[in-house]
Every structure is written in structure tokens, then in C-alpha cells.
Amino acid sequence: MSVQPEMTDRTARRVHPELVPAFESLPQLPDPYADIEATRQEFHEMLATFPADRTGVCSERFGIPRADGGVLTVEVYRPEGAAGAVPEEGASGAAPGCGGDALPAVLHFHGGGFALGRSLPGQDRVALELCRELPAVVLTVEYRLAPEHRYPAGVEDCYLALEWAAGRAAELGIDAGRIAVAGKSAGGGLSAAVALMARDRGGPALAFQSLCVPDLDDRVGADEAADAEGAGDARVLDGRGVQTSWQHYLPEGTATAEAYAAPARALELSGLPPAHVLVCDLDPMRDAGLAYARRLMDAGVPVTVRNVPGAWHGFELYAADTRVAKEMTAHWTGQLRVALYPVCPAVV
């Protein structure tokens, strides 16, 4: 795909000064769907090159039977030696003054355009960090991926994992009154969808939904995709890329997405759990995320919102050591901590 110089320059001028070196070194984004299996393999090979830090965390994998006869794999991460108990006061990541026999839980749904992004067994970096920093029991869900498994396969897997975790809360050392859903990008969209499903189906009560750069609306980028002449900066996700993802996720021939696929389509947002919505300034999904946050507020749902100035979708993968990336991670992690430890002191 060709890149229009004026579009590239306009994007570059808006990049946060600290992120300019990372932006200038970005590679051109290939079409991941040209060979999705090869894309996944390359992603896993990259992960294997940089093993995650499992210090202080242990994990166990479980198979959950699905109605279709298949098995959904869930990995449960917990603080090492905790066996469901909060670490002693003063331990890394502990919330001072918080006691009890059970930990809060976070169901983490990975990003990757609904098509890739699954971690290697025991290597989910987000889960490991949340497990240590909150602390919490963190469940990663290996939901079925598009385009082989289009909507509603993935989101139904995520909801099944929520039901399973809530149903086995005591066994897993989970406080059933403090369960949150969290995810970035597609994972953020899945988190919002699971919150809608839990409300509508009378399912397990959620304490919080953490929506980080969420993919919520199948209409994002439709105008760009329809413009045969236009082209964005091929180094960062643009509206065309968002549309490509939706075209591979939604069932073929879909004219209007259902709300459990694209939560922005939901007509009623009242009765949902408190939310944190984080967006990035140069992300084509920014406006949809902000609009969803405003609609949640208008429906009476407690919401906190943060925009990361001068940042593009997924910037932290290329600029992890920058202050901007560290502050973003600290903020959304802090919001989860406050939500899951509401009566305990916490640093945000």
C-alpha cells in the first residue's frame, strides 16, 4: 500500500516528542491476513525470543468444555505461594491493609484484531504483571480466533470463561464479588461485550470493565475504506486496517453488527459495571472509545477516561521504556487496583 507523503507528515507532526524516535523507526505494517497462520507463527517466534518474567507467579491451565464439543483453554495465574491469599503487607504489589482469604480476579482477553495475539503457555505478560501488581488471580482466555471462527465464537468463549471462573470462585481462591474484565484493542471490545452479555443474561456480576484502546465499533474507518484514492501512514493502524479486521471477524454478509460483536451498537448502556476507558490520540478508534465512555456516563455508569497525547495504537510495543508508555500502564493498572481494592489505600 502506498503512503501519501502529506498524510505521513501530518501524523508525524502530532507524535509526542518522546515517541518520535520510536515512530521514525516503525516498520511498514504488512497485511496479517495474507497468510494468517504465518503471521501467528511469526508472532509466537518473536515471543519465544523474549521469555516473560514469571517471578513470583505460578499458573495452571484448564480445559472448559464448550457446547459444541470443543474445549476452551484458560490459564489461571496467581501470586506464587498465595493459594488465594493476599501477600503479606509490604510484599511487592500488595495493597497495604488489605486482608482476606480470597483475591480479586481479572479475566484478561488479549488483543490482535480478533485473529492473533495469543500468548505462549504461561507467558502472558499482562497477566503476569497484573498478578504481581494488583495483586489478583488473572485468567487468560484462549478464545477462538477469526477468520476461521467468526463472531460469535470468540465472545461466547470469553463469556463462558467468566461463568466458569465465577462458578469455581472458591476453588480458585477468587472473591466472586471482585471480578473484572480487561483487555486492549480487540480484547477491550470483548471486555465491553462480555459486560453487556453478563447484564443481559443475568450472569455473574462484574465489579469493573477495563477498556484499553478498545475496538468497539465496526463503523470505524468505513469512510477511509470506501475512499479508493486515500491512504494513511502504513506504519500505524489506520481506518482501513480497522475495517479489514472487522471484515474478517463478522460473519460474511453482515450489514449491521450485533451489539455483542460491536458494543458501540448497543442501544442501552445502563446497569453496566464501572468502567475505565483509555484511548490514544492518533488511534483511529479514539473517537469511538470516547463516545462510548460518554454514553456510559450518560447512562449513569461510573467512568474514568484517559487520552494518551501523541500516541498511536500499540505504541507501547515499540516504546516500552518511555515515560509515556510507563505512565499509561501505571494508570490503567492503578484504575483496576482501585476498583478491586475499593476500601484499601492504593497509589494510582
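Predicted model: local features only at pLDDT ≥ 70, side-chain atom pairs only at ≥ 80, totals over all residues.
Helices here (H or I, at least four residues) and strands (E, at least two) are DSSP runs, numbered from the N terminus. Residues are numbered from 1 along each chain as its sequence is written, and side-chain values use heavy atoms, with hydrogens and water left out.

**Overall numbers**

- The protein has 348 residues, and 53% of them count as buried; buried means under 20% relative accessible area, exposed over 50%, and partly exposed in between (1.4 Å probe, protein chains only).
- Take the contacts (heavy atoms within 4.5 Å) with a separation of 6 or more: 77% of them are between residues 24 or more positions apart.

**The sheet and its helices**

- Eight strands make an open sheet with mixed pairing, in the order β1-β2-β4-β3-β5-β6-β7-β8. Two strands pair if DSSP finds at least two bridges between them.
- β1 and β8 (303-308) stand at the edges with a single partner strand each, so one side of each has no neighbour in the sheet.
- From one strand to the next, the twist averages 20 degrees. For angles like this, axes are lines fitted to C-alpha atoms (for helices, over the stretch in contact), and values run from 0 to 180 degrees between N-to-C directions.
- β5 (residues 174-184) and β6 (residues 208-212) run parallel, paired over five bridges; valine 181 has glutamine 209 in β6 as its bridge partner.
- Helix α4 (residues 125-133) packs on the sheet and touches β1, β2 (71-79), β3 (103-109) and β4 (137-141), its direction making about 35 degrees with that of β2.
- Helix α7 (residues 186-200) lies across β3, β5 and β6, at about 140 degrees to β5.

**Aromatic pairs**

- A pair of aromatic rings is described by the distance of the centres and the angle of the planes. Rings of Phe, Tyr and Trp (its six-membered ring) pair if their centres lie within 6.5 Å; planes under 30 degrees apart count as stacked, over 60 as edge-to-face and the rest as tilted.
- By this rule there are seven aromatic pairs. In one of them, phenylalanine 62 and tryptophan 164 have ring centres 5.2 Å apart and planes at 55 degrees, so the pair is tilted.
- Phenylalanine 62 sits in strand β1 (residues 57-65) and tryptophan 164 in helix α5 (residues 153-167), so this pair ties together parts 102 residues apart in sequence. Phenylalanine 62 is buried at 16% relative accessible area, and tryptophan 164 is buried too, at 13%.
- Tryptophan 246 and tyrosine 249 have ring centres 5.9 Å apart and planes at 65 degrees, so that pair is edge-to-face. They are three residues apart in helix α9 (residues 239-249), about one helical turn, and both are buried.
- Ring pairs also link Phe114, Tyr151, Trp246 and Tyr249 into a cluster.

**Charges over rings**

- The rule here is NZ of Lys or CZ of Arg within 6 Å of the ring centre and within 35 degrees of the ring normal.
- Arginine 178 lies over the face of tyrosine 341, 5.1 Å from the ring centre.
- Arginine 201 lies over the face of tyrosine 159, 5.0 Å from the ring centre.

- The peptide bond from alanine 146 to proline 147 is cis, with omega near 0 degrees, and proline 147 is in the loop between β4 and α5.
- Tyrosine 151 and proline 152 are also joined by a cis peptide bond, with omega about 15 degrees; proline 152 lies in the loop between β4 and α5.
- Serine 185 has a positive phi, near 60 degrees, despite not being glycine. Serine 185 is buried, at 12% relative accessible area.
- Valine 213 also has a positive phi, near 35 degrees. Valine 213 is in the loop between β6 and α8 (222-226) and is buried, at 7%.
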